[in-house]
Amino acid sequence: HDLYKMNALRLVPIIIEPQYLIQSERFIKQAITDKESAVSNAALVAGAQLYPTNAEFVKKWTNEIQEKLTSKSPATHYHALILMRDIKKNDKNAFLKILVKLTKEGASND
């Protein structure tokens, strides 16, 4: 079941027309918060691929993406960080705050 989700998410940026993204939003948000890290990764990568052409759409997922910044999976953590960097690229201070917070959390976990 998760394999089908992952593959479907990988195809979203390729096959879906921008006017139909709204209909997929709930599915993608659920996939980002999925407990299976491979599904979350696929959703985050799809978001990164959608961002250049649909930035406002992807920015709506900020809360879900920030949730994944604390993931135990390094790949999920990495993909969430890359997508947050894209979203916050015009607000360097906001992204620096995220990095400082993650650095402090990482240091306290060691």
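Reply: Let us begin with a term: contact means heavy atoms within 4.5 Å. This is a predicted model, in which local features need pLDDT of at least 70 and side-chain atom pairs count only at pLDDT 80 or more, while totals for chains, interfaces and linings use all residues. Residues are numbered from 1 along each chain as its sequence is written, and side-chain values use heavy atoms, with hydrogens and water left out.

Me: Which residues is S40 in contact with, leaving aside its neighbours within four places in sequence?

Reply: S40 is in contact with A31, I32, T33, D34, K68 and T76, once neighbours within four places in sequence are set aside.

Me: Where is S40 found?

Reply: S40 is found in helix α3. Helices (H or I, at least four residues) and strands (E, at least two) are DSSP runs, numbered from the N terminus.

Me: And is S40 buried or exposed?

Reply: S40 has a relative accessible area of 0%, so it is buried. Buried means under 20% relative accessible area, exposed means over 50%, and partly exposed lies in between (1.4 Å probe, protein chains only).

Me: Which other residues of α3 are buried?

Reply: Besides S40, the buried residues of α3 are V39, N41, A42, A43, L44, A46, G47 and L50. The cover over the buried residues of α3 includes α1, α2, α4, α5 (62–68) and α6.

Me: What does L44 touch, leaving aside its neighbours within four places in sequence?

Reply: L44, also in helix α3, is in contact with I32, I65, K68, T76, H79, A80 and L83, apart from those sequence neighbours. L44 is buried because its relative accessible area is 0%. L44 and E64 are 20 residues apart in sequence and 9.9 Å apart in space, C-alpha to C-alpha.

Me: What span does α3 reach?

Reply: The 14 residues of α3 reach 20 Å from first C-alpha to last, close to the 20 Å expected at 1.5 Å a residue. The expected span of a helix is 1.5 Å times one less than its number of residues.

Me: Which residues are buried in α6, and which in α1?

Reply: In α6, the buried residues are T76, A80, L81, L83, M84, D86 and I87. In α1, they are M6, L9 and V12, and what covers them includes α2 and α3.

Me: Changing topic: which residues touch the most other members of the largest nonpolar core?

Reply: They are V58, W61 and I65, in a core of 26 residues. The elements giving two or more residues to this core are α1, α2, α3, α4, α6 (74–87) and α7 (92–109). A nonpolar core is a set of buried Ala, Val, Leu, Ile, Met, Phe, Trp, Tyr and Cys residues joined through side-chain atoms within 4.5 Å. W61 touches E25, I28, K29, I32, G47 and L50, not counting residues up to four places away in sequence.

Me: How many salt bridges does the structure hold?

Reply: The structure holds four salt bridges. A salt bridge is a side-chain nitrogen of Lys or Arg within 4 Å of a carboxyl oxygen of Asp or Glu. One of them joins the side chains of D34 and K5 (3.1 Å, N to O). This pair links distant parts of the chain, 29 residues apart: D34 is in the loop between α2 (21–32) and α3 (37–50), and K5 is in helix α1 (residues 2–15).

Me: Which other pairs meet in salt bridges?

Reply: The side chains of E56 and K59 meet in one (3.6 Å, N to O). E56 and K59 are three residues apart in helix α4 (residues 55–59), so about one helical turn separates them. E56 is exposed, at 57% relative accessibility, whereas K59 is partly exposed, at 31%. The side chains of R85 and D86 meet in another (2.9 Å, N to O). R85 is partly exposed, with a relative accessible area of 40%, and D86 is buried, at 16%.
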